[in-house]
Amino acid sequence: MAISLANGLKSLSLVLCCLMVGTIIYTISIDGLPFRKDLLTLWMASLVLDCFINAVPLAAWVLYKETNSIAVIVWIILLVCFGSITTCAYIFIQFLKLSPEESAQDPIYHVLLHYENKNVLEQKRKHSPVLVARITFSILGWLMLGTWIYTISTDGSFLHKEFYTPWMVATLVDFYMINVIVLSVWVAYKESSWLSAFLWITSFICLGSVCTCAYIVKQLMQFTSQDPLYLVLLN
């Protein structure tokens, strides 16, 4: 069962990566490159900010997973530049690194955790960045909520036909489809209740990084300042 899960998630990450690459290629072919003034609408800027904020927890995970500082810098740059393409490619590579024993036990657990932390979950630190993470994600969540409110009050609702330009649709696919699927796997792994997981996943679709930050802060509130931050990854 666990091996099937590992193979399924590995295949899913590869398919999603290819889907986003195809989406980008198709969008460029019909609408040109995205570096144009006519694309810099208020709603597009808000969506791009939303994607960047959602990249923060992924970048933090990469920083935690990688031991080589150069690899960290390269992956984070790729994450900022290519969004869910990088996310899916990184996850695919992590599943490829699993040993047969790890795939047969709990593949998500072994993918999420750094090797050195897999057998020392009881270890605590005198100083942990839990409080800093709470404050950081709280600020990011409120920043995005304020951005949505300002965008709606200034530019109106996004429920207009002219809103859905090819690059806007590609941006929506990038986060509100592919990144939500990635987040959904993590939430489904963490939550003991399917109803709770469903409600959180629905909130990600509706409010994007606002709810992503809210979920992370909620998880962090369960830990003390002495707990290692990586425990937030686990169920």
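Predicted model: local features only at pLDDT ≥ 70, side-chain atom pairs only at ≥ 80, totals over all residues.
Helices are taken here as DSSP runs of H or I with at least four residues, numbered from the N terminus.

One cavity of 30 Å³ or more is present in the structure. The largest cavity holds about 60 Å³ of space. Helix 2, helix 3 and helix 4 each contribute at least two residues to the lining of this cavity. The lining consists of Leu58, Trp61, Val62, Trp75, Leu79, Thr86, Thr87 and Tyr90. By class, six of the residues that line the largest cavity are nonpolar and two are polar, with no charged residue.

The axes of helix 2 (residues 42–65) and helix 3 (residues 69–82) come within 10 Å and cross at roughly 160 degrees. Angles over 145 degrees count as roughly antiparallel, and helix 2 and helix 3 are therefore roughly antiparallel to each other. The crossing of helix 2 past helix 3 is right-handed. On the side of helix 2, the contact involves Phe52, Ala55, Leu58, Ala59, Val62 and Leu63, which meet Val72, Trp75, Ile76, Leu79 and Val80 of helix 3. The contact of helix 2 with helix 3 comprises eleven nonpolar residues, with no polar and no charged ones. Leu58, Val62, Trp75 and Leu79 belong to this contact and also to the lining of the largest cavity.

Open space was examined next. The largest pocket has a volume of about 930 Å³. Its lining is made up of 37 residues, of which Pro57, Leu58, Trp61, Trp186 and Leu233 are the closest to the centre of the pocket. At least two lining residues come from each of helix 1 (2–31), helix 2, helix 4 (84–96), helix 6 (107–112), helix 7 (130–155), helix 8 (166–190) and helix 10 (209–220). The greatest share of the lining of the largest pocket is that of helix 2, with eight residues. In terms of class, this lining contains 31 nonpolar, five polar and one charged residues. Leu58 and Trp61, named among the residues closest to the centre of the largest pocket, are also lining residues of the largest cavity.

The second largest pocket has a volume of about 790 Å³. A total of 27 residues line the second largest pocket, and Pro34, Val48, Cys81, Trp167 and Thr171 lie nearest its centre. Helix 1, helix 2, helix 3, helix 4 and helix 8 each provide at least two residues of this lining. Helix 2 again gives the most, here with seven residues. The lining of the second largest pocket divides into 22 nonpolar, four polar and one charged residues.

Helix 8, which supplies at least two residues to the lining of the largest pocket and at least two to that of the second largest pocket, packs against two further helices. Helix 8 and helix 9 (residues 194–207) meet at an angle of about 155 degrees, with their axes 10 Å apart. This angle makes helix 8 roughly antiparallel to helix 9. The two helices cross in a right-handed manner. From helix 8, Phe175, Tyr176, Val180, Leu183, Ser184, Val187 and Ala188 take part in the contact, and from helix 9, Trp194, Ala197, Trp200, Ile201, Phe204 and Ile205. The contact of helix 8 with helix 9 has twelve nonpolar residues, one polar residue and no charged residue.

Helix 8 and helix 10 pack at an angle of about 20 degrees, and their axes are 12 Å apart. Angles under 35 degrees count as roughly parallel, and helix 8 and helix 10 are therefore roughly parallel to each other. Helix 8 passes helix 10 with left-handed crossing geometry. In this contact, Phe175, Leu183, Trp186, Val187 and Lys190 of helix 8 meet Ser209, Thr212, Tyr215, Ile216 and Gln219 of helix 10. Six nonpolar, three polar and one charged residues make up the contact of helix 8 with helix 10. Phe175, Leu183 and Val187 take part in the contact with helix 10 and also in that with helix 9. Trp186, a member of the contact with helix 10, is among the residues closest to the centre of the largest pocket.

How values were computed: Residues numbered from 1 in each chain as written. Heavy atoms only, no water. Axes fitted to C-alpha atoms, helices over the stretch in contact; angles between N-to-C directions. Parallel < 35°, antiparallel > 145°, perpendicular 65-115°, else oblique. Left-handed = near helix turned anticlockwise from the far one by under 90°. Contact = heavy atoms within 4.5 Å. Nonpolar A, V, L, I, M, F, W, Y, C, P; charged D, E, K, R; others polar. 1 Å grid on protein atoms, 1.4 Å probe; cavity = no way out; pocket = protein on both sides within 12 Å on 5 of 7 lines; lining within 4 Å. Points joined across faces, edges and corners; volume = space filled by probe spheres on them.
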